[in-house]
Amino acid sequence: MIKDDAYFMRLALKEAKKAYDRDDVPSGAVVVKDGKIVARAHNEKEYRNSAVRHAEILAMDKAARKLGNWWLEGCVLYVTLEPCFMCAGAAVNARIDKVVYGAKNDRFGFMGSVADLSRDFRLNHKVEAVGGVLGEECSSLLTAFFKEKRAAKQ
């Protein structure tokens, strides 16, 4: 089996569905090094009542513990939703090589939508950012979640 970006994004989508099932924003993340999964996580903001329990942060934290180093050089982060300012900054700080995301985040995305921390010339590390991998699937899951939320309020 060829393990390409779509393969790992499907695993991130499985994580996102776990968040969905817990009534949390369906975002999932997977950290990969040398073609092997190092860590996976999903949003736990609502579940843990914490603004910082984003899928990317949790996955990078797990990867750092597993690898024994917070520098995640050689790692690729797959995430279903374009990282926010906090998560994009964490990826840069962790020296992630590449971030592959599914759905664009026009309101909060900091890897190309609102701004682009991945290539900011003032930072000492640049992260390759690739968007749109299984973008429609990732976006559809988010749309369904928020549609249900709006319907429940009415």
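In the hairpin of β1 and β2, two residues lie between the strands, and Asp-34 takes a positive phi near 55°. Strands (E, at least two residues) and helices (H or I, at least four) are DSSP runs, numbered from the N terminus. The model is predicted: local features need pLDDT of at least 70, side-chain atom pairs count only at pLDDT 80 or more, and totals for chains, interfaces and linings use all residues. Residues are numbered from 1 along each chain as its sequence is written, and side-chain values use heavy atoms, with hydrogens and water left out.

**Exercise 1.** Describe the loop between β1 and β2 through Asp-34 and Gly-35.

*Solution.* 
Step 1: place the residues. Asp-34 lies in the loop between β1 and β2, and Gly-35 is found in the loop between these strands too.
Step 2: check the backbone. Asp-34 is not a glycine, yet its phi is positive, at about 55°.
Step 3: apply the accessibility classes. Buried means under 20% relative accessible area, exposed over 50%, and partly exposed in between, with a 1.4 Å probe and protein chains only. Asp-34 has 66% relative accessibility and so counts as exposed. Gly-35 has a relative accessible area of 34%, so Gly-35 is partly exposed.
Step 4: list the neighbours of Gly-35. Contact means heavy atoms within 4.5 Å. Leaving out residues up to four places away in sequence, Gly-35 touches Lys-3 and Phe-8.
Step 5: Gly-35 and Lys-62 are 27 residues apart along the chain, and their C-alpha atoms are separated by 17 Å.

**Exercise 2.** In what order do the five strands form the open sheet?

*Solution.* 
Step 1: Two strands pair if DSSP finds at least two bridges between them.
Step 2: go through the pairs.

- β1 and β2 are antiparallel, with six bridges; Val-30 has Arg-40 in β2 as its bridge partner.
- β1 and β3 run antiparallel and are joined by five bridges; Val-31 stands opposite Leu-77 in β3.
- β3 and β4 pair in the parallel sense over five bridges; the partner of Leu-81 in β4 is Ala-103.
- β4 (residues 98-103) and β5 run parallel, joined by three bridges; Val-100 is bridged to Val-130 in β5.

Step 3: write the order. The open sheet reads β2-β1-β3-β4-β5, with mixed pairing. The edge strands, each pairing on one side only, are β2 (36-42) and β5 (128-130). Direction ignored, neighbouring strands of this sheet are turned by 15° against each other on average.

**Exercise 3.** How do α3 and α4 pack?

*Solution.* 
Step 1: recall the description used. Two packed helices are described by the angle between their axes and the distance between the axes.
Step 2: α3 and helix α4 (residues 85-93) pack at about 25°, with axes 9 Å apart.
Step 3: classify the angle. Angles under 35 degrees count as roughly parallel, over 145 as roughly antiparallel, 65 to 115 as roughly perpendicular and the rest as oblique. α3 and α4 are therefore roughly parallel to each other.
Step 4: name the residues that meet. Glu-56, Ile-57 and Met-60 in α3 meet Met-86, Cys-87, Ala-90 and Ala-91 in α4. The residues of this contact of α3 with α4 divide into six nonpolar, no polar and one charged. Here Ala, Val, Leu, Ile, Met, Phe, Trp, Tyr, Cys and Pro count as nonpolar, Asp, Glu, Lys and Arg as charged, and the others, Gly among them, as polar.

**Exercise 4.** Is Arg-95 buried or exposed?

*Solution.* 
Step 1: Arg-95 is placed in the loop between α4 and β4.
Step 2: Arg-95 is a residue other than glycine with a positive phi, near 65°.
Step 3: the relative accessible area of Arg-95 is 14%, so Arg-95 is buried.

Conventions
Axes fitted to C-alpha atoms, helices over the stretch in contact; angles between N-to-C directions.
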